[in-house]
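Please load the model in a viewer and keep the selection panel at hand. The stops below follow one another, each with something to select and something to inspect.

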Amino acid sequence: MLIKLENLSKTFKTKSKEIKVFRNINLEIKDREMLVIFGPSGIGKTTLLNLIGGMDNPTSGKVIINGVDLSTLKSDELAEFRKEKIGFIFQIFNLLSNLKAKDNIALPALLDKDLDKKMSEIYEFASQIGMKERLDHKPQELSSGEQQRVAILRAIINSPSIILADEPTADLDDANTNKIIEILKGLNQKYGSTLVIATNDERTALNFPQRYVLKTWS
Amino acid sequence: MLIKFAVKNLLTRRRRSLTSLAGISLSIALFVSTLLILKSAQVAFEKPIKDAGADIVVQLQGEPCTWSIVKLPQNLNPIPLENLDKLKSMDDVASAEGSLIVWVFSARPPGKIPLQKKEKNNILSKIESGELAGKACDYGEPGSFCDSKGDNQSLADFSPIVVAGVNPEAKDVGPVTSNNIQNLEGKYFSKDDTFNTILDKDFARTKNLKPGDSIVLGWRYFRIIGIVDAGRDAKIAGAQAFIPLKTAIEITERGNIVDIIFLKLKSGANLDLVKQKIKKMMPQNATITTSSDFLTAISGLSSLTQNLMLAIFFIAIFFSLLFIIKTSFSSILERSGEIGILKAIGWKDKNINKLIFIENSILGALGGMIGSIGGYAASFIYKTNLPSALPYYLNPYPPCSQHLVKNTLQVSIQFSANIFLSAILLAVAIQTLSGLFASKKILKLTPTDAARQI
């Protein structure tokens with residue numbers, strides 16, 4: 001799935017000040033490509049991923065996915081787009097603490113008729129990444145690495161064509177970092193998903209062939 | 001699936017669910033108990049005046065009590081019959097009836113001839129056959145009291161009896177009438193009855209009397225023609241024995257008087273206006289009780305105080321409902337992070353709204369039910385603090401009476417399906433609407449902004 005960013009700028013406005021995050025980003029990410037957006041903390045990597053995922057609105061410019069300008073979509077169309085096309089792996093996992101891992105994973109497809117089928121595929125993949133036995137636990141009963149894997153499972157339940165991963169290896173030890181990188185690469189190869197990863201970790205970035213370095217506003 | 005997820009959400013967020021449930025239950029309990037108690041009190045307080053078939057009761061305030069074998073209650077003054085006629089002729093009055101409530105004592109008059117042993121059986125058979133009805137009680141052992149059996153009686157039987165003289169031809173208005181008398185054993189008065197009486201069932205049982213027996217009321221023998229079971233409710237001009245009005249007037253020996261007048265108004269008549277007119281027609285010491293100020297008469301509270309209490313009740317209800325809104329609103333706002341995540345992973349706004357609607361409906365219905373049951377229970381506690389006796393002037397009885405007239409208002413908290421259903425619907429409506437209102441606010445945010453608040 002082709003992702004095109006045209007003159008993309010984002011500024012946050014508060015009552016007292018304006019925070020300029022980035023401006024005039026022009027970028028094209030090809031179908032099935034694996035791209036790392038690299039840069040220091042606070043540079044706007046998460047914001048950029050949010051814009052690509054249709055979860056935030058740019059101050060100016062366009063996000064075009066497969067020829068569709070996201071700014072032209074209504075709220076429900078955007079929700080449908082996020083559900084069908086995007087798998088988002090949040091930096092802080094964003095798992096609901098009251099639900100078991102398997103219920104968190106099922107959330108994006110909860111209202112789908114083929115939920116059971118999707119879940120059986122997820123169980124299969126969960127056993128490949130060593131998570132099958134942990135799915136009956138609540139997030140707070142899981143390690144950070146396990147929570148990250150639950151977040152990945154939730155992101156892929158609808159077989160999205162774009163996976164956006166925000167600092168997927170942050171706070172993970174080397175073993176877990178390698179495991180997550182392996183899983184993400186596997187997703188790209190197995191499902192043909194376009195993979196966009198935001199990270200400030202050089203080791204993680206070096207694992208992927210394409211890198212886009214995000215620079216400061218100035 | 002959404003319902004299952006909503007239930008799971010409620011069960012897994014126990015503290016939040018219980019807080020909401022407690023808030024709704026408490027508010028609804030207050031709402032239900034207030035309505036139930038108001039409704040029950042209104043029914044109980046209005047019953048005596050409704051039972052008498054009247055809209056207005058007119059009396060004159062009493063004069064000091066003087067000794068007499070048949071006398072007016074100590075707080076009531078005689079009302080000449082002309083006044084009754086005047087009231088009857090008023091345009092707005094559909095019907096009016098007077099009653100004469102008297103207290104009668106059964107002591108044998110001094111200096112009367114002691115009953116001789118050989119005459120006793122003869123006299124007794126005459127008493128029992130009712131042949132002596134209307135005759136004075138001239139018989140008995142020295143120092144004894146007049147009694148239907150003519151025997152020596154204990155001092156307890158000396159206690160006064162409350163007797164009400166009623167118009168035998170009255171159809172709808174009065175303490176007992178041909179149309180509103182229920183549970184009558186025997187028969188009702190006929191037009192020309194004189195020394196016939198109808199007894200209250202409890203009183204008759206205490207005295208071991210039945211229809212066909214005789215009883216001495218004010219030194220006169222009366223033949224018992226009926227026994228009425230008036231139930232346990234307080235009655236205006238409730239009595240232990242009812243006799244024809246003209247006989248009551250005769251044995252009272254105070255001229256053509258009554259001491260309580262019942263008025264039924266024509267439909268559409270203005271109660272307050274008629275009350276004002278009656279005030280002008282009657283002496284200054286007239287007590288005029290209408291159905292609308294009956295609560296004041298019973299509770300002893302002024303209408304201002306009642307209004308104030310009602311206002312406090314409604315303010316309490318208002319704030320308790322506000323509490324539901326606040327709890328529901330805050331509970332949803334707290335979940336903005338969760339809602340943001342749901343949006344981010346592709347949930348449409350309408351599905352999020354459905355989820356909130358289902359969750360809040362369940363909470364509202366459960367809270368409404370628990371609150372209704374709680375309110376029903378609480379209303380029993382309120383009930384014990386309600387004024388429960390008719391004011392003395394409406395139902396006077398002698399302080400020394402062994403046989404008290406029924407003066408207690410039976411306030412019974414009645415199950416009201418309407419109130420329960422309304423309470424549950426109200427809880428569901430407020431809970432869901434405030435929840436949806438709060439979610440609308442969150443759904444306006446982008447998923448990022450909403451999720452940022454987790």
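A salt bridge is taken here as a side-chain nitrogen of Lys or Arg within 4 Å of a carboxyl oxygen of Asp or Glu. By that criterion, 2 salt bridges are counted between chain B and chain A. The model is a predicted one.

**The interface**

Select Asp103(A) and Lys8(B): their side chains form a salt bridge, at 3.1 Å from N to O. Next, display the side of chain B that touches chain A; helix H1 (2-12), helix H10 (336-344), helix H11 (349-384) and helix H13 (447-451) of chain B each provide at least two of its residues. By class, the residues of that side are 11 nonpolar, 6 polar and 7 charged.

Now show both sides together. Contact involves 24 residues of chain B and 26 residues of chain A. The two chains bury about 2300 Å² between them, with 61% of it on carbon and sulfur atoms. Which residues of chain B lose the most area to chain A? Select Ile341(B), Ile345(B) and Lys348(B), which together account for 22% of what that side buries. Residue pairs in polar contact between chain B and chain A, with both residues at pLDDT 80 or more, number 10.

**Helix H10 of chain B**

Select residues 336-344 of chain B, which form helix H10. Is this helix mostly covered or mostly uncovered? It is mostly covered, 9 of its 9 residues being buried. Among them are the charged residues Glu338(B) and Lys343(B), as well as Ile339(B), Ile341(B) and Leu342(B). Move on to Gly346(B), which follows H10(B) and has a positive phi, near 110 degrees.

In soluble globular proteins, nonpolar side chains tend to be buried together. Here the largest nonpolar core has 59 residues, and those touching the most other members are Ile89(A), Ile105(A), Leu107(A), Leu153(A), Leu184(A), Leu187(A) and Trp347(B). Helix H5 (residues 144-156) of chain A contributes the most to this core, with 6 residues.

Centre the view on Leu153(A). Leaving aside residues up to four places away in sequence, Leu153(A) touches Ile105(A), Ile122(A), Phe125(A), Ala126(A), Ile129(A), Met131(A) and Leu135(A). A second, separate core of 43 residues can then be located through Leu72(B), Val102(B), Val258(B) and Ile261(B), which are included in it.

**Salt bridges within the chains**

Over all chains, the structure holds 23 salt bridges. Select Lys45(A) and Glu167(A), a salt-bridged pair whose closest N and O atoms are 3.6 Å apart. This pair connects distant parts of the chain, 122 residues apart: Lys45(A) is in helix H1 (residues 45-52) of chain A, and Glu167(A) is in the loop between strand S7 (162-166) and helix H6 (174-191) of chain A. Because its relative accessible area is 4%, under the 20% cut-off, Lys45(A) is buried. Glu167(A), at 5% relative accessibility, also counts as buried.

Turn next to the salt-bridge network that links Lys83(A), Glu84(A), Asp112(A), Asp114(A) and Lys118(A). Within it, the closest N and O atoms of Glu84(A) and Lys83(A) are 3.6 Å apart. Glu84(A) is partly exposed, with a relative accessible area of 34%, whereas Lys83(A) counts as buried at 12%.

The last stop is Asp229(B) with Lys201(B), a salt bridge whose closest N and O atoms are 3.9 Å apart. Asp229(B) lies in the loop between strand S9 (220-228) and strand S10 (241-244) of chain B and Lys201(B) in helix H5 (residues 201-207) of chain B, so the pair joins parts 28 residues apart in sequence. Asp229(B) is partly exposed, at 27% relative accessible area, and Lys201(B) is partly exposed, at 35%.

Conventions:
Residues are numbered from 1 along each chain as its sequence is written. Chains are lettered from A and ligands numbered from 1 in the order in which they are written. This is a predicted model: local features need pLDDT of at least 70, side-chain atom pairs count only at pLDDT 80 or more; totals for chains, interfaces and linings use all residues. Side-chain values use heavy atoms; hydrogens and water are left out. Contact means heavy atoms within 4.5 Å. Buried area is the accessible area (1.4 Å probe) that two parts lose on being put together, summed over both. A polar contact is a pair of N or O atoms within 3.5 Å; within protein, one must be able to donate a hydrogen and the other to accept it, and residues adjacent in sequence count only if both atoms are side-chain atoms. Helices (H or I, at least four residues) and strands (E, at least two) are DSSP runs, numbered from the N terminus. A nonpolar core is a set of buried Ala, Val, Leu, Ile, Met, Phe, Trp, Tyr and Cys residues joined through side-chain atoms within 4.5 Å. Buried means under 20% relative accessible area, exposed over 50%, partly exposed in between (1.4 Å probe, protein chains only).
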